[in-house]
Amino acid sequence: MEGALLWILIFPLIGFAVNGLAAAAAARLRRELPLRFTAFVACAGPTLSFLLALDLFRRFLGEEPEHRLLVQEVFRWIGSGDLSVHLRLLADPLSLAMVLVVAGVGGVIHFYSAGYMAHDKGHARYFAFLNLFLFFMLLLVLGDSLLTLFVGWEGVGLCSYLLIGFWFEDTEKARAGKKAFIVNRIGDFGFLLGMLLLASSLARLGGGATLAIGEIAARVHELPRGVIEGAALLLFIGATGKSAQIPLYIWLPDAMAGPTPVSALIHAATMVTAGVYMIARMSFLYELAPAASAVVLLVGAATALFAATIAVTQTDIKKVLAYSTVSQLGYMMIGVGAGAFAAGIFHVFTHAFFKACLFLGAGSVIHAVSGEQDIRKMGGLFRKMPRTGWTFLIATAAIAGFPPLSGFFSKDEILFRAFSGTSAALSWAPKAAWVLGTLAAVLTAFYMFRLFFLVFAGGEGEKTRGAHESPPLFTVPLVILAAGAALAGFLGVPAALGGGNRFEHWLAPVFESAHHGKGYASAHASHGTELVLMALAVAIAVFGTSAAHAFYVRNQELPARLAGRFPAVYRTVRDKFYVDEIYYVLVVHPIHVVSRRVLFRIVDVRIVDGLVNLAGHLARGFSYMLRFAQSGHAQTYAFVLLAALAVLLWKVL
């Protein structure tokens, strides 16, 4: 049973090695690998990992909740002074839930990729990167120490760079990959500082430095309050980068430059959920950090509303979904910031199904309309692509919050916990987060059904006349994911609706210590209040959908008239509040100027090059003086010899 953890990790790594080496050999021989071979190798990795995780899940179900824990020692990694780090793999209800999502949804995306990348000559390289991405994400969720988690954290960052910039011959796509890589490094620096702060503080208290999460949890009460708050905030900076929160969300919309299955993988099952997972894994720290938890809560709420606002006016089908992801990640942050860690992870779980379904549905649409991504040029696709249309509709309704689909249960649980909670640092923060989250829910229903109506409803669009349904390799994964989007919510039916919230009970042993903290909210409201909030959530979903229908089906002139009446507001939202431009003026351009005028012209050219050139000049001058001794003239050598003998004789005599 212990060996299963290592094999869960290794299977995707084997796929990466086989496809990577085969691709290198084929390139050397100037031959192409058959798609069936690369796809089979790539899909085998996540499939086997998922089956092993499923077997482990079955065994855990047979254990008492307190015994659902498995640790596997791999080797001693670092031994330096007081610091000793072992590479251990940890399976508990939290990491196992994440493994099932990563390997399960990630595996479905692998199968879909076999059809989507069929005509791309770089499919072997693509599948190798995809397997490597999965390996690092599994390492991230299975690692029992912050350092192992950080290696996986950096690994998915590297793979996102490789996959977003997969078509690197296109300069814009290569830039998008670099942007994702650089922005994430900013957040990672905060993560690194947080780790060092925890390790050094524990070392100063005696007992040695440690980065093992279990040991930090056991000793966290020894740390000063300031260290706990500081470490929690620094770790959250890392989470803002990886999980695309304000102000480091800007890389995620541009990540659409990669192949669509990559977008689905990054947005649904892997990288962007890492920040939420890390905070949930460190729940024992955040329970003692009320100020940091309040920051997480408010940043998540602000991100949810801000990104939803931008999504309303976007016209690129993938950009709408990208801002939707940023917004939904905000909800997850509201959950973990409010101390409802299980609710936050539950939204990670349900979001993986409906967001992967939406992205792969978008890929099916893009494939059918010959690469077009502007939704204003589409329309009437429901009749031509019924399987894609139905699955897209289910996922849209799920994210909009229609019961009994999965998004309704997970999002409602988060908003209910925010509404009914309190914060030791900022008493108004949970209610403010609920207000912002509720407004974002209205916009979510509106912009998602705007997308659906523009693409699938109405008459034929400019680019949809020759469109037809995608092959089964596309639509079967869509059906699987749509089924998950429809049914996954039943794992978290709350007590107010007569359910037992099995998902929360499953995670209860992991977050048990967090329930005794003082820095986060607790649900004190009655079932009646919860039912009223649910009714409000349903009304919001109906209102947002009706508004989208009124704007884009019944009265299609209305959006243009509204934009013409408020042109400045429309342009500001359409241009994403000029955040990228502001970043360019305040950050990127000054760095360019300093790099060119100071670092290049002074530091590089004058100081570094000057020192190197000075060494060269000195060597040349010295050799110039010595060259007289190597002139090749016999008379000169005889004269020097006689002069030397004269000097010696004068000294001796």
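**Exercise 1. Which residues is Val-156 in contact with, leaving aside its neighbours within four places in sequence?**

Solution. Setting aside neighbours within four places in sequence, Val-156 is in contact with Phe-133, Phe-136, Met-137, Leu-140, Lys-242 and Met-271, where contact means heavy atoms within 4.5 Å. The model is a predicted one, in which local features need pLDDT of at least 70 and side-chain atom pairs count only at pLDDT 80 or more, while totals for chains, interfaces and linings use all residues. Residues are numbered from 1 along each chain as its sequence is written, and side-chain values use heavy atoms, with hydrogens and water left out.

Val-156 counts as buried because its relative accessibility is 0%; buried means under 20% relative accessible area, exposed over 50%, and partly exposed in between, with a 1.4 Å probe and protein chains only. Finally, Val-156 and Leu-611 are 455 residues apart in sequence, and their C-alpha atoms are 40 Å apart in space.

**Exercise 2. Describe the chain as a whole.**

Solution. Begin with the secondary structure, which comprises 26 helices and two strands. The C-alpha trace spans about 120 × 65 × 55 Å along its principal axes. Of the 653 residues of the chain, 54% count as buried. For the contacts between residues at least 6 apart in sequence, 80% join residues at least 24 apart.

**Exercise 3. What is the span of helix H20, and which of its residues are buried?**

Solution. Helix H20 covers residues 472-487, and at 1.5 Å a residue its 16 residues should span 22 Å, the expected span being 1.5 Å times one less than the number of residues. The end C-alpha atoms of H20 are 22 Å apart, which agrees with that expectation.

The buried residues of H20 are Phe-474, Thr-475, Pro-477, Leu-478, Leu-481, Ala-482, Gly-484, Ala-485 and Ala-486. What covers these buried residues includes helix H3 (93-116), helix H15 (341-368), helix H17 (386-400) and helix H18 (406-420).

Thr-475 counts as buried because its relative accessibility is 4%, and, not counting residues up to four places away in sequence, Thr-475 touches Arg-387, Thr-388, Glu-469 and Ser-470.

**Exercise 4. At what angles do H6 and H8, and H14 and H19, cross?**

Solution. Two packed helices are described by the angle between their axes and the distance between the axes. Axes are lines fitted to C-alpha atoms, for helices over the stretch in contact, and angles run from 0 to 180 degrees between N-to-C directions.

Helix H6 (residues 171-204) packs against helix H8 (residues 225-242) at an angle of about 155 degrees, with the axes 7 Å apart. That angle makes H6 roughly antiparallel to H8, given that angles under 35 degrees count as roughly parallel, over 145 as roughly antiparallel, 65 to 115 as roughly perpendicular and the rest as oblique. The residues of the contact of H6 with H8 divide into eleven nonpolar, eight polar and three charged; Ala, Val, Leu, Ile, Met, Phe, Trp, Tyr, Cys and Pro count as nonpolar, Asp, Glu, Lys and Arg as charged, and the others, Gly among them, as polar.

For the second pair, the axes of helix H14 (residues 317-337) and helix H19 (residues 429-456) come within 11 Å and cross at roughly 155 degrees. That makes H14 roughly antiparallel to H19. By class, the contact of H14 with H19 has twelve nonpolar, five polar and one charged residues.

Definitions and conventions
Helix = DSSP H or I, 4+ residues; strand = E, 2+ residues; numbered from the N terminus.
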